[in-house]
Amino acid sequence: KRHMNTGMWGYRAIQCGARSCAQRLQGARCLTSTSDVPHGLIMGPPGSGKGTMAKRITNDFGFEVLSTGDMIRAQIAAQTDIGQQFERIVAEGKLVPADVVMKLVAAELDTRSDQRWMLDGFPRSLEQAKLADNAFRIDFVLNIDVPFDTIVQRLSARWCHLPSGRIYNLDYNPPKSPGLDDETGEPLIQREDDKAETVVSRLNLYNEETKPLIDHYAEKEILQNFTGTESDVIYPQIHAYMKNKLNL
């Protein structure tokens, strides 16, 4: 049975029977909060500045940004049942099934149904998105749209000093002496992930994986795109959007 909420977010609070929910999520709890507290999702390719903007949203609007990577690491460290399951799957070199990830996310969100939260890194596939639609409410999706050429230039300009972890960028934070660490004079290296060909490959994969998600949330009319080449240009757009949605 579905009920329409007429609050400012206009979300649908989905109620489902315990048996059907358990079948869909294989044991994950069904989240049926009818709270007006907004819940969202942030998307963006690697190198888009998504992490920086998520932190600013947290500071400005009180959202807790929840990363599936952090959730998984925490469960593995705590050696919970689901953490041990993840550990076995990863050790075997297998992909984690969508329903297993869904169990973890649903369990985490069940404790935060009355808090402002925003997911980062989930869902990653249309299958996961459809499972999420049946498990909890997402009121808005922020999509950070940075031209791939800009990202390739930004990431491929990064060099690092491995022993200290110091990062340099040839465009805006170059070393005093080309190719050498400022403090030790030791050579800098470029990590494999920052090489142009690797960045292009990652971006193409991201585009392939997320296009169905973008289309899915656009169809649900909860997707908002923010386009630009710099975080300081994009974030004011996000800030204005959030202020309007939160009626601030």
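Visitor: Which residue of strand 9 does D145 stand opposite?
Guide: D145 stands opposite T227 in strand 9. This is a predicted model, in which local features need pLDDT of at least 70, side-chain atom pairs count only at pLDDT 80 or more, and totals for chains, interfaces and linings use all residues. Residues are numbered from 1 along each chain as its sequence is written, and side-chain values use heavy atoms, with hydrogens and water left out.

Visitor: How many bridges join strand 6 to strand 9?
Guide: Five bridges join strand 6 (residues 140–145) to strand 9, and the two run parallel. Strands are DSSP runs of E with at least two residues, helices are runs of H or I with at least four, and both are numbered from the N terminus. Two strands pair if DSSP finds at least two bridges between them.

Visitor: What is the strand order in the open sheet?
Guide: The order is 4-5-3-6-9, with parallel pairing. Strand 4 (64–67) and strand 9 (223–227) are at the edges with a single partner strand each, so one side of each is left without a neighbour in the sheet.

Visitor: Turning to helices, at what angle do helix 3 and helix 4 pack?
Guide: Helix 3 (residues 68–78) and helix 4 (residues 81–91) pack at about 105°, their axes 7 Å apart. Axes are lines fitted to C-alpha atoms, for helices over the stretch in contact, and angles run from 0 to 180 degrees between N-to-C directions.

Visitor: Which residues meet there?
Guide: I72, Q75 and I76 in helix 3 meet I82, G83, F86 and E87 in helix 4, where contact means heavy atoms within 4.5 Å.

Visitor: How many helices and strands are in the protein chain?
Guide: The protein chain has nine helices and nine strands.
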